[in-house]
Amino acid sequence: MSAIDWAKVRDDFPLLRRQVHGKPLVYFDNANTAQKPAVVIDAVDDFYRRYNANVSRAVHALGSEATDAYEAARSTLARLINARSNELVLCSGTTFAINLVAYSWALPRLAPGDVIVVSRMEHHANIVPWQLIAERTGAQIRVAELLPDGSLDLDALDKALDGAVKLLAIAHVSNVLGTINPVREICRMARKRGIISVVDGSQAVPHMPVDVAAIGCDFYAFTGHKVCGPTGTGALWARREHLQAMPPFLGGGEMIKEVSFEGTTFNDAPYKFEAGTPNIAGFIGLGAAADYLTTLGLDQVQAREAELLAHFSEELSKVDGLRLIGTAPDKAAVVSFLIDGAHAHDLATLLDLEGVAVRSGQHCAHPLLQFYGVAATCRASLAFYNTHEEIEAFMAALTKVRRLLG
Ligand code: PLP
């Protein structure tokens with residue numbers, strides 16, 4: 001047990017005090033988006049109240065303060081994943097980050113005969129960009145398959161990574177199964193064969209210490225709103241040599257050194273990939289979120305969530321007719337389940353009436369749900385600010401809902 005007073009930590013999140021349908025809110029939809037601590041809300045508020053200005057453009061005081069705060073947020077975020085700030089492209093989220101790699105790294109390099117390996121458990125954000133690039137270049141998509149418990153089949157992956165493979169796209173943690181992939185081992189496999197690895201860290205950065213240098217990947221993407229930051233924020237980390245070799249993705253202000261009608265010279269990375277006015281307030285808020293999590297300690301967060309998951313799994317194992325989708329040994333606190341005779345959407349709707357927020361549906365992972373032969377699941381995803389009492393409340397609500405569904 002950690003020494004952190006988790007009840008006090010929970011108090012940092014104003015929204016968690018509210019009621020829904022007259023019941024105390026049980027927010028178990030953290031894989032979808034995380035709630036924000038007051039320090040994040042205050043940082044955004046403070047920016048607009050005190051020093052709202054555009055970044056990197058104005059020499060006046062407000063402009064300098066805004067630019068300093070924005071760049072400080074980049075450094076804080078870089079530290080969160082043990083990266084250098086000149087390797088971190090700030091962008092709107094994982095979807096943008098992966099598309100940036102697809103269009104800027106892969107599109108100019110791939111050709112017919114090349115293969116992109118994508119795992120079965122990917123979010124659509126780490127599938128569809130590769131399909132679009134495959135269509136444009138004549139490259140093929142190859143699927144890295146899973147074992148029935150939702151672990152990646154590492155032997156199959158080893159065979160799949162043959163000489164035709166140029167790029168491997170893999171989730172650090174699955175948003176449906178909670179499976180934690182051994183990305184260090186996987187990226188080592190890829191690197192030994194000269195294959196570029198793109199890791200989708202959306203569900204990892206909020207829940208565990210992440211060290212991109214130790215992972216040894218080429219690209220690592222994550223999204224700010226799942227890390228207790230504002231929506232419309234995120235980042236792409238890339239090895240400096242890739243950023244330097246890649247052409248810009250979008251053109252416009254900020255990403256140039258000089259523009260004339262004879263030709264344009266581009267800014268250095270990462271600014272070359274940050275065309276236009278960014279979500280300044282959002283990134284300042286995300287910097288505050290990264291500070292908050294770093295102070296809390298992501299190892300503590302991970303331990304707390306493991307403890308909640310153990311309790312939750314134990315309770316769920318007592319429920320007749322409940323099927324878990326995703327039982328890999330190394331798992332984050334994301335629990336997808338089905339209940340005999342109940343549709344996932346009906347379950348989620350009735351749970352909501354009890355104040356319990358879970359997600360139902362396909363979770364932007366159609367190929368994964370096809371693998372399990374199911375049309376939808378209910379997904380409860382926990383965060384460090386959830387409590388053992390909320391797990392009890394969830395179980396009581398589930399019992400009531402099952403009675404209603406007959
Ligand atoms: N990848 C994973 C694993 C996710 O869980 C999500 C969001 O649910 C995304 C990518 C997409 O993130 P965003 O919509 O913030 O770009």
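**Strands and rings**

Modeller: In this predicted model, strand β14, residues 334-339, and strand β17, residues 377-381, run antiparallel and are joined by four bridges. Within this pairing, F337 is the residue that stands opposite C378 in β17.

Biologist: In which order do the strands of the open sheet lie?

Modeller: The order is β13-β14-β17-β16, which makes an open sheet of four strands with antiparallel pairing.

Biologist: Why is one side of β13 and of β16 left without a neighbour in the sheet?

Modeller: Both β13 (322-325) and β16 (359-361) stand at the edges and have a single partner strand each, so one side of each has no neighbour in the sheet. If direction is ignored, neighbouring strands of this sheet are turned by 30° against each other on average.

Biologist: Which strands does helix α11 lie across?

Modeller: Helix α11, which covers residues 298-316, lies across β13, β14 and β17, and it runs at about 10° to β14.

Biologist: Turning to the rings, how many aromatic pairs does the structure hold?

Modeller: There are 15 aromatic pairs in the structure. One of them is formed by F384 and Y385, with 5.1 Å centre to centre and 70° between the planes; planes over 60 degrees apart count as edge-to-face, so this pair is edge-to-face.

Biologist: Are F384 and Y385 buried or exposed?

Modeller: Residues under 20% relative accessible area count as buried. F384 has a relative accessible area of 2% and is therefore buried, and Y385 is buried as well, with a value of 1%. Ring pairs also link F384 and Y385 with W6, F13 and Y292 into a cluster.

How values were computed: Residues are numbered from 1 along each chain as its sequence is written. This is a predicted model: local features need pLDDT of at least 70, side-chain atom pairs count only at pLDDT 80 or more; totals for chains, interfaces and linings use all residues. Side-chain values use heavy atoms; hydrogens and water are left out. Rings of Phe, Tyr and Trp (its six-membered ring) pair if their centres lie within 6.5 Å; planes under 30 degrees apart count as stacked, over 60 as edge-to-face and the rest as tilted. Buried means under 20% relative accessible area, exposed over 50%, partly exposed in between (1.4 Å probe, protein chains only). Two strands pair if DSSP finds at least two bridges between them. Helices (H or I, at least four residues) and strands (E, at least two) are DSSP runs, numbered from the N terminus. Axes are lines fitted to C-alpha atoms, for helices over the stretch in contact, and angles run from 0 to 180 degrees between N-to-C directions. Contact means heavy atoms within 4.5 Å.
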